[in-house]
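Please consider the model shown below together with its sequence.

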Amino acid sequence: MRTRIVVDSPYETAGFPASVELRVDPLISKRFMVIDDRIALTGHASRIALVRAPVLVSLLGDLFEHVWSRAERQPREWQAPFSLTEQEKTVLRMAAKGMTDEVIGRRLGLTSRTVRRHMANVMERIGAHSRLQAGIRIAKAGIV
């Protein structure tokens with residue numbers, strides 16, 4: 001069986017078996033895959049469309065081929081395109097334990113505003129739109 005998947009971010013490539021071919025295209029809506037030219041899947045975790053009708057699989061297959069040809073190849077030993085300072089890593093570890101910005105600030109001798117600024121800088125650098133998304137991307141990249 002041949003499985004090719006296009007995802008919207010290099011952070012989404014973790015966890016796939018080595019037999020899966022992966023590419024990244026930030027313009028797609030989350031994941032897009034065609035399996036053995038018989039099944040097409042698209043969407044994200046809460047809403048996945050599974051298509052088996054041959055005509056629709058064929059149409060989605062043509063679209064997939066177009067997206068695949070333009071998508072960036074993703075090496076298996078992907079390295080995060082960003083690095084974090086030790087203080088940013090410490091803030092992230094503390095936030096992952098459920099500490100509030102105020103508690104983190106007190107423990108590190110920072111203001112809660114500085115803690116929020118660290119979080120905002122990290123989120124901007126990795127292209128995350130929420131703290132949850134940032135946490136997931138950082139965990140998948142093995143940074144913290």
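Does leucine 59 count as buried or exposed? At 54% relative accessibility, leucine 59 counts as exposed, where exposed means over 50% relative accessible area, buried means under 20%, and partly exposed lies in between (1.4 Å probe, protein chains only). The structure is a predicted model, in which local features need pLDDT of at least 70 and side-chain atom pairs count only at pLDDT 80 or more, while totals for chains, interfaces and linings use all residues. Residues are numbered from 1 along each chain as its sequence is written, and side-chain values use heavy atoms, with hydrogens and water left out.

The protein chain contains five helices and six strands; helices (H or I, at least four residues) and strands (E, at least two) are DSSP runs, numbered from the N terminus. Along the sequence, these elements follow the pattern β-β-β-β-β-α-β-α-α-α-α. Of the 144 residues of the chain, 38% count as buried.

Leucine 59 is placed in helix 1. Together with Val55 and Leu56, Leu59 forms a nonpolar surface patch with about 310 Å² of accessible area. Patches are made of residues with over 30% relative accessible area and no salt bridge, with like charges joined within 9 Å and nonpolar side chains (Val, Leu, Ile, Met, Phe, Trp, Tyr) within 5 Å. Accessible areas come from the Shrake-Rupley method with a 1.4 Å probe, and for residues only the protein chains shown count as cover. Leucine 63 also lies in helix 1, which spans residues 54–70, and at 44% relative accessibility leucine 63 counts as partly exposed. The C-alpha atom of leucine 63 is 9.9 Å from that of phenylalanine 32, a residue 31 positions away along the chain.

The interior may be considered next. In soluble globular proteins, nonpolar side chains tend to be buried together. A nonpolar core is here a set of buried Ala, Val, Leu, Ile, Met, Phe, Trp, Tyr and Cys residues joined through side-chain atoms within 4.5 Å. The largest such core has 14 residues, of which Leu92, Ile104, Val122, Ile126 and Ile138 touch the most other members. Helix 2, helix 4 (112–126) and helix 5 (131–141) are the elements that give two or more residues to this core, and helix 4 gives the most, with five residues. A second, separate core of 11 residues includes Val6, Ile28, Phe64 and Ala71.

Helix 2 has Glu88, Lys89, Val91, Leu92 and Met94 as its buried residues. Just after helix 2, glycine 98 takes a positive phi of about 95°. Lysine 97 is found in the loop between helix 2 (86–96) and helix 3 (101–108), and this lysine 97 counts as exposed because its relative accessibility is 69%. A positive surface patch is formed by Lys97 with Arg93, Arg106 and Arg107. The place of a charge is taken as NZ of Lys, CZ of Arg, CG of Asp or CD of Glu.

Side chains of opposite charge can pair when their charged atoms come close. The structure holds three salt bridges, each being a side-chain nitrogen of Lys or Arg within 4 Å of a carboxyl oxygen of Asp or Glu. One of them joins lysine 89 to glutamate 86, with the closest N and O atoms 3.6 Å apart. Because lysine 89 and glutamate 86 are three residues apart in helix 2, about one helical turn separates them. Glutamate 86 counts as exposed, at 53% relative accessibility.

Arginine 131 and aspartate 101 form another salt bridge, whose closest N and O atoms are 3.0 Å apart. Arginine 131 lies in helix 5 and aspartate 101 in helix 3, so this pair ties together parts that are 30 residues apart in sequence. Aspartate 101 counts as buried, at 10% relative accessibility, whereas arginine 131 is partly exposed, at 38%.

Glutamate 102 and arginine 116 also meet in a salt bridge (3.8 Å, N to O). Since glutamate 102 lies in helix 3 and arginine 116 in helix 4, the pair ties together parts that are 14 residues apart in sequence. Glutamate 102 is partly exposed, with a relative accessible area of 40%, and arginine 116 is partly exposed at 38%.

Technical notes:
Lys, Arg positive; Asp, Glu negative; His and termini not counted.
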